[in-house]
Amino acid sequence: MTNEPTPSEWLRGVLELCVLRVMVDGPTYGYAIAADLATAGFGDIKGGTLYPLLARLEKNALVSVEWRTGEGGPGRKYFVLTDAGRAQVDEGLAQWQVFSTRVTGHLFPSSTLPSSEFRPSLRST
């Protein structure tokens, strides 16, 4: 995996699905979601991006919220997928597979993807 940052306009379109996907594994909190996404190679997702998204997911009943007391520290707000949230993940993953296959087929019309050494040039010669 490359360490190059994901273009923000690409991430903007898929961040909600990625955040919901993190919650499939169980209740989690904002910092852990950001850390999971960073580990997956999405870079540093700022709180100003993540927390409004989480609030919107809560408002749309895709997640529920529960407060848990901290062990020796402040409590944390945990986000839990609702049934509607799980359905949204399933639908989003299916849509993503169709979309990504379509984009890949368009960008790389040959049957094999280019290796890291081969990058097609869009310039005409």
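Three strands make up an open sheet in the order β1-β3-β2, with antiparallel pairing. The edge strands are β1 and β2 (63-68), each of which pairs on one side only. Strands, like helices, are DSSP runs numbered from the N terminus, with at least two residues (E) for a strand and at least four (H or I) for a helix; two strands pair if DSSP finds at least two bridges between them. Between β2 and β3, which run antiparallel, there are 6 bridges. In general, strands of a sheet pair through backbone hydrogen bonds, either parallel or antiparallel.

The model is predicted, so local features need pLDDT of at least 70 and side-chain atom pairs count only at pLDDT 80 or more, while totals for chains, interfaces and linings use all residues. Residues are numbered from 1 along each chain as its sequence is written, and side-chain values use heavy atoms, with hydrogens and water left out.

The structure holds 2 aromatic pairs. Rings of Phe, Tyr and Trp (its six-membered ring) pair if their centres lie within 6.5 Å; planes under 30 degrees apart count as stacked, over 60 as edge-to-face and the rest as tilted. Tyrosine 29 and tyrosine 78 form an edge-to-face pair, 5.2 Å centre to centre and with 70° between the planes. This pair links distant parts of the chain, as tyrosine 29 in strand β1 (residues 28-29) and tyrosine 78 in strand β3 (residues 76-81) are 49 residues apart. Both tyrosine 29 and tyrosine 78 are buried. Here buried means under 20% relative accessible area, exposed over 50%, and partly exposed in between (1.4 Å probe, protein chains only).

Each of these two tyrosines also has an arginine at its ring. The charged end of arginine 76 sits over the ring of tyrosine 29, 4.0 Å from its centre, and that of arginine 68 sits over the ring of tyrosine 78, 4.1 Å from its centre. A charge sits over a ring if NZ of Lys or CZ of Arg is within 6 Å of the ring centre and within 35 degrees of the ring normal.

Arginine 68 takes part in a salt bridge as well, meeting the side chain of glutamate 66 at 2.7 Å, N to O. A salt bridge is a side-chain nitrogen of Lys or Arg within 4 Å of a carboxyl oxygen of Asp or Glu. Glutamate 66 stands opposite tyrosine 78 in β3. With a relative accessible area of 31%, glutamate 66 is partly exposed, and so is arginine 68 at 35%. The count comes to 4 salt bridges; among them is the one between lysine 46 and aspartate 44, whose closest N and O atoms are 2.8 Å apart. Lysine 46 is exposed at 51%, and aspartate 44 is exposed at 59%.

The rings of tryptophan 96 and phenylalanine 99 have their centres 5.6 Å apart and their planes at 45°, so this pair is tilted. Both residues lie in helix α4 (residues 83-107), 3 residues apart, about one turn of the helix. Tryptophan 96 is partly exposed at 40% relative accessibility, and phenylalanine 99 is partly exposed at 44%. Together with Val103 and Leu107, Trp96 and Phe99 form a nonpolar patch on the surface, with about 380 Å² of accessible area together.

Notes:
Patch = residues over 30% accessible without salt bridge, like charges linked within 9 Å, V, L, I, M, F, W, Y side chains within 5 Å. Areas by Shrake-Rupley, 256 points an atom, 1.4 Å probe, with all protein chains shown as cover.
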